[in-house]
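Dear colleague,

Please find below the structure that I am handing over to you. My notes on what was found in it follow, and I would ask you to read them with the structure open beside you.

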Amino acid sequence: MTSSRWQEIERLYHLALQQDPEKREAFLEKGCEGDESLQREVKSLLASRSEAKDFIESPALEITAKAIAKGRVEQHPDLTDRNGPQEIWLRKGDSDRPVVTARNFPAGETTQMFWRPTLSPNADRVIYLRVRGASGRLWISAASGGSPINLTDETEGGEFFGSWSPDGGWYVYFALRNGRTDLMKVKTIGQATPVTLKANVTFGYATPIWSPSGDWIAYGQELISPDGKTTRPLGSKGGGRYAFSADGKLLYGMRSEGEHNMLFSVDIATGAEKVLGDLGKNYSPATASNLSLAPDGKSFVYDVRKSKLNL
Amino acid sequence: VSLDEASLFASRPDANLVELDDALTALAAVDPRKARVVELRFFGGLSLEETGEVLKISADTVWRDWDLAKSWLYRQMKRPARKPR
């Protein structure tokens with residue numbers, strides 16, 4: 001279909017809608033000037049319109065939330081290349097398609113890898129990083145599938161992964177631009193304008209993490225309030241990978257001191273530090289992943305690079 | 001999957017979203033902006049005004065795009081699927 005043909009269909013469609021329903025037929029008869037194909041096309045669209053009142057009126061996210069409520073979608077994103085290009089799936093869901101695949105991205109625009117998919121607290125959206133050139137960009141996809149959308153409206157610099165706020169409304173992450181690192185937060189609606197929480201921070205490599213109570217964000221060597229107005233230094237306690245206790249009152253952390261990997265906790269209210277143990281030189285964290293605390297709060301998981309010596 | 005089922009994605013949301021995604025790809029070939037409006041409104045959950053801000057068009061224009069895109073997609077999904085060659 002040519003562009004001018006489509007524009008004519010669109011024009012007549014909207015003009016016909018301004019007519020009383022009983023006068024539309026006559027209006028189209030006259031407006032289409034004997035072009036029967038044009039008249040059929042517009043009439044067919046108007047007929048669909050009358051049947052499609054509720055069609056896609058509920059956002060995909062709500063549909064997914066209903067599916068989750070019915071237990072159809074499980075809560076874990078799963079990254080796989082079993083079908084060739086990388087794909088993100090929801091583990092144990094009954095979906096017959098991935099949430100998003102490398103095929104959703106134009107060839108050459110980004111590399112074909114997904115980095116660190118993280119599911120929203122109510123499991124309706126997934127945020128992940130893809131690399132274009134030398135810079136990362138954050139993307140968001142509805143868990144029910146569909147087209148990926150850039151998380152932010154930024155066009156310059158790079159973005160690095162972070163974590164969701166407990167209510168799912170925000171995402172905190174590092175932005176790398178003009179040779180410096182800024183701690184940012186952005187609404188999770190897609191293509192939103194990010195807000196700088198703190199400019200020119202120490203990158204520190206580890207991912208910023210939002211407390212379960214929503215009061216604090218831990219990153220690098222300090223805690224910062226979600227409005228960016230209050231900071232609390234972690235001092236010598238900082239610099240590591242973190243996990244909040246389920247009630248948000250304790251921050252667990254791991255930092256390297258020479259050949260030691262120290263596990264410690266910080267009481268958020270008092271700032272008191274308690275060293276929990278030394279995990280030894282062979283168990284340094286391998287990536288920017290934070291510690292992942294077990295639901296019972298008694299153990300945690302993190303990744304370690306296995307050396308040839310270990311093998 | 002019939003369109004009756006598809007209308008509210010009540011029984012098999014994933015399967016119907018596949019059809020919608022296919023229809024959206026076809027719409028993008030005809031009118032990329034309308035496809036983008038649907039992406040932002042349906043998949044992104046944006047309001048008319050928010051969609052207008054992203055696309056730098058008025059909320060009225062978003063509404064007109066949305067109205068026609070819905071009719072077009074609904075009709076597209078109702079058509080029998082072409083068998084692969």
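**Salt bridges within and between the chains**

Asp65(B) and Lys34(B) form a salt bridge, with their closest N and O atoms 3.1 Å apart. This pair links distant parts of the chain, since Asp65(B) lies in helix 5 of chain B and Lys34(B) in helix 3 (residues 32-43) of chain B, 31 residues apart. Please bear in mind throughout that this is a predicted model.

Are the two partners buried or exposed? Residues under 20% relative accessible area are called buried. Asp65(B) has a relative accessibility of 1%, so it counts as buried. Lys34(B) is likewise buried, with a relative accessible area of 1%. The pair also belongs to a network: salt bridges that share partners join Glu10(A), Asp31(B), Arg33(B), Lys34(B) and Asp65(B).

Over all chains, the count comes to 19 salt bridges.

Another of them is formed by Arg49(A) and Asp67(B), whose closest N and O atoms are 2.7 Å apart. Because Arg49(A) lies in helix 3 of chain A and Asp67(B) in helix 5 of chain B, this pair joins two chains. Arg49(A) is partly exposed, at a relative accessible area of 31%, whereas Asp67(B) counts as buried at 8%.

Lys78(B) forms a salt bridge with Glu51(A), and here the closest N and O atoms are 2.8 Å apart. This pair, too, crosses between chains, from helix 5 of chain B to helix 3 of chain A. Lys78(B) counts as partly exposed at 41% relative accessibility, and Glu51(A) is partly exposed with a relative accessible area of 41%.

**Helix 3 of chain A**

Helix 3 of chain A covers residues 36-51, which makes 16 residues. At 1.5 Å a residue, the helix should span 22 Å; its end C-alpha atoms are 23 Å apart, which agrees.

Which residues of helix 3 of chain A are buried? They are Leu38(A), Gln39(A), Glu41(A), Val42(A), Leu45(A), Leu46(A) and Ser48(A). In general, an α-helix has 3.6 residues a turn, so residues three or four places apart point the same way. The cover over the buried residues of helix 3 of chain A includes helix 1 (3-17) and helix 2 (24-31) of chain A, together with helix 5 (59-78) of chain B.

**Chain B as a whole**

Chain B has five helices and zero strands, so that its elements run α-α-α-α-α from the N terminus on. Of its 85 residues, 48% count as buried. Among contacts in chain B between residues at least 6 apart in sequence, 48% join residues at least 24 apart. Chain B exposes about 4300 Å², and carbon and sulfur atoms supply 51% of that area.

**Strands of chain A**

In general, strands of a sheet pair through backbone hydrogen bonds, either parallel or antiparallel.

An open sheet of four strands has the order 4-5-6-7, with antiparallel pairing. Its edge strands are strand 4 (115-119) and strand 7 (149-150), each of which pairs on one side only. Strand 6 (residues 135-142) is joined to strand 7 by two bridges, and the bridge partner of Trp139(A) in strand 7 is Asn150(A).

Further along, strand 16 (residues 241-244) and strand 17 (residues 250-257) pair in the antiparallel sense over four bridges. Tyr242(A) stands opposite Gly253(A) in strand 17. The two strands form a hairpin with five residues between them, and Gly248(A) in the turn has a positive phi of about 75 degrees.

Strand 17 is then joined to strand 18 by eight bridges, and the two run antiparallel. Leu251(A) has Val266(A) in strand 18 as its bridge partner. This hairpin has two residues between its strands, and Gly258(A) in the turn has a positive phi of about 60 degrees.

Finally, five bridges join strand 18 (residues 260-267) to strand 19 (residues 273-278), which run antiparallel. Leu263(A) stands opposite Gly277(A) in strand 19. Five residues lie between the strands of this hairpin, and Gly271(A) in the turn has a positive phi of about 80 degrees.

Yours sincerely

Conventions:
Residues numbered from 1 in each chain as written. Chains lettered and ligands numbered in written order. Predicted model: local features only at pLDDT ≥ 70, side-chain atom pairs only at ≥ 80, totals over all residues. Heavy atoms only, no water. Pairing = 2+ DSSP bridges. Buried < 20%, exposed > 50% of the residue type's maximum accessible area, 1.4 Å probe, protein only. Contact = heavy atoms within 4.5 Å. Areas by Shrake-Rupley, 256 points an atom, 1.4 Å probe, with all protein chains shown as cover. Expected span 1.5 Å × (residues − 1). Salt bridge = Lys/Arg side-chain N within 4 Å of Asp/Glu carboxyl O.
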